[in-house]
Amino acid sequence: MAEKITKEDRERVELLQIVSSSKKAFKELSLEQLERLRELVEKKDYSHNKKAHKSKVKLLSKINVRIFELEDEKKYSKAD
C-alpha cells in the first residue's frame with residue numbers, strides 16, 4: 001500500500017526544490033522559510049536509507065548555519 005502524500009510532504013519538496021535549484025537560492029530563503037524547512041526535514045524519517053539520512057543531517061546543518069547568520073545580521077542591524 002502506497003503512502004499518502006500529505007500537504008507537509010508537498011511543502012517540504014517545494015522548499016527542497018528551491019534549495020537544490022542553485023547555491024544562490026538557498027541564501028535567498030527567508031528566515032521563516034528556513035525554519036519551516038528545518039521543521040519539515042526533521043519530521044521526515046530517513047532512517048531506512050543511510051545515504052538519505054546522511055544528506056538530511058548535512059542539510060540540517062546548513063540550514064542551522066544560515067538561520068544563525070540571518071539572526072546574527074538582525075541582531076547587529078538593530079544595534080546600529
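Predicted model: local features only at pLDDT ≥ 70, side-chain atom pairs only at ≥ 80, totals over all residues.

Student: How many salt bridges does a search of the whole structure find?

Tutor: Side chains of opposite charge can pair when their charged atoms come close. Here the search finds 9 salt bridges. Take glutamate 8 and lysine 43, with their closest N and O atoms 2.8 Å apart. This pair links distant parts of the chain, with glutamate 8 in helix H1 and lysine 43 in helix H3, 35 residues apart.

Student: Which residue forms a salt bridge with arginine 36?

Tutor: That's glutamate 11, at 2.9 Å between the closest N and O atoms. Arginine 36 sits in H3 and glutamate 11 in H1, so the pair ties together parts 25 residues apart in sequence. Through shared partners, salt bridges join Glu8, Glu11, Arg36, Glu39 and Lys43 into one network.

Student: Are arginine 12 and aspartate 9 buried or exposed?

Tutor: Both are buried. Their side chains meet in a salt bridge of 2.9 Å, N to O, and both lie in helix H1, 3 residues apart, about one turn of the helix.

Student: What span should helix H3 have?

Tutor: At 1.5 Å a residue, its 13 residues should span 18 Å, and the end C-alpha atoms are 19 Å apart, which agrees. Its buried residues include Leu31, Leu34 and Leu37.

Student: Which helix gives the most to the positive patch?

Tutor: Helix H4, with 4 residues. The patch is formed by Lys23, Lys50, Lys54, Lys58 and Lys62. Lysine 58, in H4, is exposed because its relative accessible area is 58%, over the 50% cut-off.

Notes
Residues numbered from 1 in each chain as written. Heavy atoms only, no water. Helix = DSSP H or I, 4+ residues; strand = E, 2+ residues; numbered from the N terminus. Expected span 1.5 Å × (residues − 1). Buried < 20%, exposed > 50% of the residue type's maximum accessible area, 1.4 Å probe, protein only. Patch = residues over 30% accessible without salt bridge, like charges linked within 9 Å, V, L, I, M, F, W, Y side chains within 5 Å. Areas by Shrake-Rupley, 256 points an atom, 1.4 Å probe, with all protein chains shown as cover. Salt bridge = Lys/Arg side-chain N within 4 Å of Asp/Glu carboxyl O. Lys, Arg positive; Asp, Glu negative; His and termini not counted. Charge placed at Lys NZ, Arg CZ, Asp CG, Glu CD.
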